[in-house]
Amino acid sequence: VPAEGKTALQLPEGVTFIGDSAFGWCENLQEFNFHNNITEIGDASFAYCGKLEMNELPNNLETIGSGCFRSCSNIKVSKIPSKL
């Protein structure tokens, strides 16, 4: 599913991994709904998504890749998953 131009995205429950640069440079992306099955987020997955706002990460998240949220100033996570 092309993400360019989308402002909100939600992945299917069966997805457990978000690949490198998967949504990087999607400048209009404002909301991404993580489900708890996601265990890994790859390098630069959301890099330069400057409008993206997020308060929570998936509870089962174990790995966040390098530069995953680079230049995302609206990311304010209040709780870090215990497996991370």
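## A buried alanine to start

Let's begin at Ala47, which has 0% relative accessibility and so counts as buried. In this predicted model, Ala47 sits in the loop between E4 and E5. What does Ala47 touch, leaving out residues up to four places away in sequence? Its partners are Gly24, Trp25, Gly67, Cys68 and Arg70.

## The whole chain

Now step back and look at the overall plan.

What about its dimensions? Along its principal axes, the C-alpha trace spans about 30 × 25 × 20 Å. A compact globule with 84 residues would have a radius of gyration near 12 Å, and this chain agrees because its own value is 12 Å.

Buried residues make up 36% of the 84 residues. The accessible surface comes to about 5,000 Å², and carbon and sulfur atoms own 44% of that. As for contacts with a separation of 6 or more, 19% of them join residues 24 or more positions apart.

## Inside the core

Which residues have the most contacts inside the largest nonpolar core? They are Ile18, Phe23, Leu29, Phe32 and Phe46, in a core of 20 residues.

Take Phe32 as your example. Setting aside residues up to four places away in sequence, Phe32 touches Leu9, Leu11, Ile18, Phe23, Phe46 and Leu52.

## Two residues with positive phi

Most residues other than glycine have a negative phi. With that in mind, have a look at Trp25, whose phi is near 65 degrees, a positive value. Trp25 is in the loop between strand E2 (17–18) and strand E3 (31–33). Is Trp25 buried or partly exposed? Its relative accessible area is 48%, so it is partly exposed. Trp25 is also one of the residues that Ala47 touches.

Tyr48 has a positive phi too, near 65 degrees. You'll find Tyr48 in the loop between strand E4 (40–41) and strand E5 (54–56). At 33% relative accessibility, Tyr48 counts as partly exposed.

Where is Asn74? It lies in the loop between strand E6 (63–64) and E7. Asn74 has a relative accessible area of 26%, so it is partly exposed.

Again leaving out residues up to four places away in sequence, Asn74 touches Gly50, Lys51, Leu52, Glu53 and Met54. Asn74 and Cys49 are 25 residues apart along the chain, with 9.4 Å between their C-alpha atoms.

Which residues make the nonpolar surface patch of about 250 Å²? The patch is made by Ile64, Ile80 and Leu84.

Leu84 is in the segment after strand E7 (75–79). Why does Leu84 count as partly exposed? Its relative accessible area is 41%, and partly exposed means between the buried cut-off of under 20% and the exposed cut-off of over 50%.

Technical notes:
Residues are numbered from 1 along each chain as its sequence is written. This is a predicted model: local features need pLDDT of at least 70, side-chain atom pairs count only at pLDDT 80 or more; totals for chains, interfaces and linings use all residues. Side-chain values use heavy atoms; hydrogens and water are left out. Patches are made of residues with over 30% relative accessible area and no salt bridge: like charges are joined within 9 Å, nonpolar side chains (Val, Leu, Ile, Met, Phe, Trp, Tyr) within 5 Å. Accessible areas come from the Shrake-Rupley method with a 1.4 Å probe; for residues, only the protein chains shown count as cover. A salt bridge is a side-chain nitrogen of Lys or Arg within 4 Å of a carboxyl oxygen of Asp or Glu. Helices (H or I, at least four residues) and strands (E, at least two) are DSSP runs, numbered from the N terminus. Buried means under 20% relative accessible area, exposed over 50%, partly exposed in between (1.4 Å probe, protein chains only). A nonpolar core is a set of buried Ala, Val, Leu, Ile, Met, Phe, Trp, Tyr and Cys residues joined through side-chain atoms within 4.5 Å. Contact means heavy atoms within 4.5 Å. The radius of gyration is taken over C-alpha atoms; the globule rule is 2.2 Å times the number of residues to the power 0.38.
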